[in-house]
Amino acid sequence: MATGIRDKVVILGMGCTRFGERWDAGPDDLMLEAFIEALDDAGIERDQIEAGWLGVFYDEQSVGKSAIPLSMALRLPNIPVTRVENLCATGSEALRGAAYAVASGACDIALALGMEKLKDSGYAGLPERTKGSFDDLWMPSYTAPGAFAQLASAYSTRTGISMDDLKRAMAHVSWKSHQNGALNPKAHLRQAITIEQALNAPMVAHPLGLYDCCGVSDGAACAIVTTPEMARSLGKRDLVAIKALQLAASNGVESGHASWDGSYTLTTRTAAGRAYAEAGIDNPRKQIDLMEVHDCFSITELIVMEDLGLSAPGDAPKDILDGVYDRDGALPCQVDGGLKCFGHPIGASGLRMAYEIYLQLLGRAGDRQLDSPSIGMTHNLGGIPIRNIASVSVFGLAQ
Amino acid sequence: MSERGILAYGAYIPRRRLPRETIATAMAWANPALKARAKGERAIRAWDEDSLTMAVEAARDCKLAAFDAPANLVLASTTLPFADRDNAAVVVAALGLDERINTLDMTATLRAGTAALGNALRAGDGSSLVIASDCRDARPASPQEMQIGHGATAMLIGGGDALLARVLAHRAISRDLVEHYRAQGDRFDYTVEGRWLRDEGFLKLIPETVQPLLTDAGINAETIDHVIFPCPARVAGQLCKSLGLTESALADDLITQCGDTGTTHPLLCLARVLERARPGAKILLVGFGQGVDAFLFEVTEPISDYRPRLGVEGHLERRREETSYLRYLAQQGAIEVDWGNRAEFDNRTALTALYRHRDSVTGFTGGRCGKCGTVQFPSTRYCVNPDCRELDSQEPVSLSDIKGRVKSFTEDWLAYCPNPPLQYGNVEIEGSGNIMMEFTDCEPGTLRIGMPVEMQFRIKDVDKRRSFTRYFWKATPVEET
């Protein structure tokens with residue numbers, strides 16, 4: 001049995017652009033903005049980076065294929081660069097590539113950069129793209145909100161919690177993230193909202209209203225990783241170590257087998273189990289101090305509280321309404337505003353989550369700094385509930 | 001050679017009904033004469049229906065499984081979606097019929113349906129599935145807009161002892177009397193004065209055909225129990241008088257309930273008669289359109305044991321009123337609605353992929369695992385059951401007639417759909433599998449978890465740039481009838 005990569009890789013530096021409708025910035029500008037901050041934070045020379053991973057989801061409308069655009073924008077010295085894409089887990093996938101390169105000893109310093117330039121599409125929401133030549137023939141012409149909205153009807157049926165009560169808990173999820181986003185200067189959406197606003201917003205995909213949906217944003221985030229030894233040799237004192245990086249991909253059970261009831265994400269459960277084992281966590285609700293989860297929609301955040309083993313089955317709405325996951329609650333979630341308000345430039349999101357955990361663990365989170373957290377978790381859910389990639393990552397202060 | 005006749009029949013009428021009053025209210029400013037015609041309602045196709053999908057549903061209404069595979073399939077329509085692609089072959093694939101079948105599209109006249117019926121009755125061996133389906137468009141405020149309805153009828157024609165009705169005689173004449181026409185590529189008919197059609201067409205050509213038909217068959221006109229004429233009721237009454245037919249034998253022309261369904265209409269009226277006819281009853285059926293087809297049928301004993309799935313009666317009962325004239329216009333393409341940038345999506349179909357997956361996509365064939373029994377779609381080499389995952393264990397299974405159960409759903413206002421919201425969700429199939437499908441013919445706010453659904457052959461997407469329509473199956477809530 002593999003021992004995993006716990007504590008074998010640390011973060012040398014990170015950067016993250018302001019997220020939002022960045023009419024001023026193209027893909028190269030976003031990559032550079034995140035990279036320059038990370039390089040500065042790492043305190044190294046650009047040529048010390050030995051390999052790079054670029055995460056971009058919609059290559060069709062921003063940089064095109066491959067990671068050559070990364071190499072060109074950053075003028076990297078012909079090092080190997082690889083473009084990765086794993087739906088909304090793309091940013092975490094880029095980090096996994098860089099971390100594994102370092103953990104394997106293949107290189108000392110590696111770069112992971114996630115970027116998405118969505119707001120060149122010309123319309124609101126995510127761009128419409130083909131689902132593949134066979135799936136286009138039969139799958140519904142779904143949108144992301146429509147695909148995730150179905151979690152609500154299935155969850156309500158499984159738990160017996162009425163749709164009205166569920167909507168109230170979902171509204172709390174969004175209200176909380178707006179409260180948090182208002183404190184974050186890099187967040188896309190910085191205004192607080194009321195519960196009533198969330199409940200009465202125009203319907204996007206029943207039962208998801210406008211405020212149940214995350215921002216569609218431009219942005220980039222970047223991590224430079226190395227070994228703990230190398231970091232110390234470079235004079236770094238406080239180190240954030242990677243405790244676990246786990247991924248789980250659907251194999252068709254959710255989309256094709258009746259054993260899945262449509263009310264949860266199978267892959268999150270699997271990835272979380274593996275991540276907790278790799279990180280040595282046996283009581284996540286006690287041991288984890290903060291987390292950034294994939295709140296593409298309020299209902300997603302709600303149900304993954306159970307999939308991550310944090311709320312007991314059927315208790316997520318109650319825990320949410322009790323404020324457990326608020327910034328001042330027992331287990332703060334989306335302290336930076338989350339996908340909901342920080343925004344969701346798809347390829348960048350996994351690294352953006354890691355960026356917040358990194359800042360919080362190092363005490364550099366400004367107005368939204370929590371009281372000395374030591375373990376943080378990130379979670380992505382790429383795809384849609386019937387077909388997805390879940391990633392669960394755990395970060396902690398190196399001993 | 002044994003006698004031939006009708007072995008089975010089925011019908012399809014779209015759920016949506018547009019009251020003629022709604023048309024008159026909207027358009028009488030342009031044509032006050034509409035008010036006088038504002039009685040009853042017309043059946044109108046949903047955005048995802050056309051002559052092909054309705055043809056498939058009419059054939060499914062026949063309960064074909066009880067019969068030998070037909071040797072021929074003829075699709076009659078003046079509104080086929082493809083001018084050069086065997087539309088009938090799509091029906092064969094959707095019905096999962098044996099591919100060793102002769103297929104033919106018959107078109108270009110409102111008589112195509114009865115002409116196809118005549119050909120099938122004359123054909124020597126084997127049975128023929130004759131399907132007539134039409135969904136003609138009409139200009140707003142035109143008399144046709146009031147008159148036309150959409151629908152389909154299917155009839156299985158053959159020989160043997162199990163005939164529901166045997167043909168006694170059949171005659172046809174061809175005459176290029178053009179009181180309306182539609183040129184290739186045009187959407188609407190061009191019509192001339194109806195009185196000319198009445199005097200020179202109906203009142204002359206029909207007797208010219210029917211009189212010798214009765215003489216040939218040696219049948220006294222008074223003994224005919226059901227008469228189906230392709231003309232307005234008043235003209236039909238005149239014809240009865242001139243031909244010596246009993247006026248009370250005139251069959252319900254269904255104009256009030258669903259409108260004139262074009263090529264389909266004589267067959268639809270015949271199906272309606274067969275639903276109530278007793279053994280021994282004689283039926284006169286007449287089709288019209290640049291000529292006349294006339295038939296005499298005699299109903300036989302097996303009629304008592306045959307029921308289509310829903311038939312004309314069941315479909316007429318299964319109605320939903322269209323309250324918006326503008327929505328009707330938009331869905332038949334008469335007005336262009338701004339569907340936003342999302343509708344620009346390039347829906348190009350990979351025809352190679354469609355061909356490889358034709359059984360799955362057109363035929364809705366899934367797989368049943370021989371080891372664990374899981375029914376799955378699409379069928380793949382490894383079983384989807386996480387506790388099985390057996391290789392090459394699946395046998396093809398038709399999913400078109402299975403019942404499903406709604407597991408989750410949404411009403412999506414963001415996705416492009418010509419009748420928003422786009423409704424879709426997970427459907428549990430046979431208690432073992434799952435498919436995320438679109439729901440059709442269901443009003444927003446009516447879906448519930450656990451609701452039983454049945455499958456319908458529908459338009460999946462339209463590629464406007466390349467004028468290609470692609471089809472797949474959708475789920476619709478099972479209605480109590």
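In this predicted model, 41 residues of chain B are in contact with 35 residues of chain A. The domain assignment divides chain A into domain 1 (10-120 + 218-240) and domain 2 (144-214 + 243-397). For chain B, the assignment gives domain 1 (4-331) and domain 2 (341-364 + 399-477). The points below begin with the contact between the chains and then turn to each chain.

**Contact between the chains**

- On the side of chain B that touches chain A, the elements that give two or more residues are α12 (351-356), β19 (410-412), β20 (422-429), β21 (433-438) and β23 (468-477) of chain B.
- By class, this side of chain B has 19 nonpolar, 14 polar and eight charged residues.

**Overall form of chain A**

- Chain A contains 15 helices and eleven strands.
- The radius of gyration of chain A is 20 Å, close to the 21 Å that the globule rule gives for 399 residues, so chain A is as compact as a globular protein of that length.
- Taken along the principal axes, the box filled by the C-alpha atoms of chain A is roughly 55 × 45 × 45 Å.
- Of the 399 residues of chain A, 63% count as buried.
- Among contacts in chain A between residues at least 6 apart in sequence, 78% link residues at least 24 apart.

**The two domains of chain A**

- The C-alpha centres of domain 1 of chain A and domain 2 of chain A are 24 Å apart.
- Contact between these domains involves 33 residues of domain 1 of chain A and 33 residues of domain 2 of chain A.
- On the side of domain 1 of chain A that touches domain 2 of chain A, at least two residues each come from β1 (10-16), α3, β4 (109-116) and β7 (219-226) of chain A.
- Helix α3(A) gives the most to that side of domain 1 of chain A, with seven residues.
- The residues of that side of domain 1 of chain A divide into 20 nonpolar, eight polar and five charged.

**Helices of chain A**

- The axes of helix α3 (residues 90-103) of chain A and helix α15 (residues 346-361) of chain A come within 5 Å and cross at roughly 65°.
- In this pair, residues of α3(A) including A:Thr90, A:Gly91 and A:Leu95 meet residues of α15(A) including A:Ile346, A:Leu351 and A:Arg352.
- By class, the contact of α3(A) with α15(A) has six nonpolar, six polar and one charged residues.
- Helix α5 (residues 144-159) of chain A has 16 residues and reaches 24 Å from its first C-alpha to its last, close to the 22 Å expected at 1.5 Å a residue.
- Helix α5(A) is mostly covered, with 13 of its 16 residues buried.
- After α5(A) comes A:Gly160, whose phi is positive, near 75°.

**The two domains of chain B**

- A distance of 29 Å separates the C-alpha centres of domain 1 of chain B and domain 2 of chain B.
- In domain 1 of chain B, 15 residues are in contact with 13 residues of domain 2 of chain B.
- Helices α2 (51-61) and α3 (87-95) of chain B each supply at least two residues of the side of domain 1 of chain B that touches domain 2 of chain B.
- By class, that side of domain 1 of chain B has seven nonpolar, three polar and five charged residues.

**Helix α2 of chain B**

- Eleven of the eleven residues of α2(B) are buried, so this helix is largely enclosed by the rest of the structure.
- The buried residues of α2(B) include B:Glu57, B:Arg60 and B:Asp61.
- Helix α2(B) is followed by B:Lys63, whose phi is positive, near 55°.

How values were computed. Residues numbered from 1 in each chain as written. Chains lettered and ligands numbered in written order. Predicted model: local features only at pLDDT ≥ 70, side-chain atom pairs only at ≥ 80, totals over all residues. Axes fitted to C-alpha atoms, helices over the stretch in contact; angles between N-to-C directions. Helix = DSSP H or I, 4+ residues; strand = E, 2+ residues; numbered from the N terminus. Contact = placed C-beta atoms within 7 Å. Nonpolar A, V, L, I, M, F, W, Y, C, P; charged D, E, K, R; others polar. Domains from an automatic or database assignment. Rg over C-alpha atoms; globule rule 2.2 N^0.38 Å. Buried ≥ 20, exposed ≤ 12 C-beta atoms within 10 Å, placed from the backbone. Expected span 1.5 Å × (residues − 1).
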